[in-house]
Amino acid sequence: MFLKMRSILLLCFAAILLTSCSEYQKVLKNTDVGPKYDMAEKLYNEGDYKRAVRLFEQIAPKYVGKPQGERVMFFFADSYFKTKDYYLAGYQFERFVKSYPRSEKIQEATFLGAKSYYMLSPNFSLDQTDTDKALAKLQVFINNYPDSEYFDEANAMAKELTTKKEKKQLEIAKQYNKIGAWDLPRLVSAIKAFDNFVTDNPGSVYREEALYYRIEAWANLAFYSTLDKKQERLNEALGSYNTLMRYYPESKFKDDADKLAEKIQKELSAFTISK
């Protein structure tokens, strides 16, 4: 009996689904905008964003400048967002914000537009164009809507993206440092990159790491320098060590930093003896 009832229910569901699909295809091919609008909004409200967005694509241009245009444009952009088509979502939310600056949905649209680019932000090792765009849009939102219900989420996303950019900047500096083992001029680039990182990102979670690798870069440059430049560079390396210890006396890099400092002091003592 149970299996029979289950089969009947499945048949009923299949029949409803086929009817729904048939009706959808009929409306999709219809040249009349009205039925498309009604079905698009119905599907959107039911959470069927993939089918809704196909209808919104067809009708959105028809409603530009019309009373329903604002509603259609928001649903259109949000349908892209809900189907994870973030490039088109970002673009459509941008259009919405420009077209309807006084809309009651302006705050949500601004946030979702920024979040679309946040979702597109790639791994730190890749090009960060979308990250930059997301950060710019998030900052606009944070500045304009400090009391928004989305404010905390926007701040968290901006912090995450900022940290990602800092990671990329640090890894570039570390790469210079690594290459410097075979190409000493690269150590000069590494030192400059670490200096810039520390200056540009005073609150970064990677600041301690940058300060340590700056010691390593200065030390390696000094150890392999000609005699006329060696003492000055050893002192720079020692100064970098002292900076790390001043800000991070219990640094996770302390053991390695101490070993470098000991070697630096030993090299410097040779200059004292020679005098």
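## Packing of H2 with H3

Contact here means heavy atoms within 4.5 Å. The model is predicted. In helix H2, the residues Val33, Lys36, Tyr37, Met39, Ala40, Glu41, Leu43 and Tyr44 meet Tyr49, Arg51, Ala52, Leu55, Phe56, Gln58 and Ile59 of helix H3. Sorted by class, this contact has 11 nonpolar, 1 polar and 3 charged residues.

Helix H3 covers residues 49-59, and its axis comes within 8 Å of that of H2, with a crossing of roughly 150°. Angles over 145 degrees count as roughly antiparallel, so H2 is roughly antiparallel to H3. The H2 and H3 crossing is left-handed.

## Packing of H2 with H4

H2 (residues 33-45) also packs with helix H4 (residues 69-82), at an angle of about 45° and with the axes 11 Å apart. That angle makes H2 oblique to H4. The crossing of this pair is left-handed.

On the H2 side, Tyr37, Glu41 and Tyr44 make the contact; on the H4 side, the residues are Arg71, Val72, Phe74, Phe75, Asp78 and Ser79. By class there are 5 nonpolar, 1 polar and 3 charged residues in the contact of H2 with H4. Tyr37, Glu41 and Tyr44 of H2 are also among the residues that meet H3.

## Packing of H7 with H8

Helix H8 spans residues 151-179 and packs with H7 at an angle of about 145°, the two axes being 10 Å apart. The crossing of H7 and H8 is left-handed.

H7 contributes Thr131, Asp132, Ala134, Leu135, Leu138, Phe141 and Ile142 to the contact, while H8 contributes Phe151, Ala154, Asn155, Met157, Ala158, Leu161, Thr162, Lys164 and Lys165. The class count for the contact of H7 with H8 is 10 nonpolar, 3 polar and 3 charged residues.

## The largest pocket

The largest pocket has a volume of about 220 Å³. It is lined by 13 residues, of which Glu94, Val97, Thr110, Lys137 and Val140 are the closest to its centre. The lining comprises 7 nonpolar, 3 polar and 3 charged residues.

Three helices, H5 (86-99), H6 (106-120) and H7 (129-144), each supply at least two residues of this lining. H6 gives the largest share, 5 residues.

Methods:
Residues are numbered from 1 along each chain as its sequence is written. This is a predicted model: local features need pLDDT of at least 70, side-chain atom pairs count only at pLDDT 80 or more; totals for chains, interfaces and linings use all residues. Side-chain values use heavy atoms; hydrogens and water are left out. Axes are lines fitted to C-alpha atoms, for helices over the stretch in contact, and angles run from 0 to 180 degrees between N-to-C directions. Helices (H or I, at least four residues) and strands (E, at least two) are DSSP runs, numbered from the N terminus. Angles under 35 degrees count as roughly parallel, over 145 as roughly antiparallel, 65 to 115 as roughly perpendicular and the rest as oblique. A crossing is left-handed if the near helix is turned anticlockwise from the far one by less than a right angle, and right-handed if clockwise. Ala, Val, Leu, Ile, Met, Phe, Trp, Tyr, Cys and Pro count as nonpolar, Asp, Glu, Lys and Arg as charged, and the others, Gly among them, as polar. On a 1 Å grid over the protein atoms alone, a cavity is a set of points where a 1.4 Å probe fits but cannot get out, and a pocket is an open set with protein on both sides within 12 Å along at least five of seven lines; lining residues have an atom within 4 Å of a point. Grid points are joined across faces, edges and corners, and a volume is the space filled by probe spheres set on the points.
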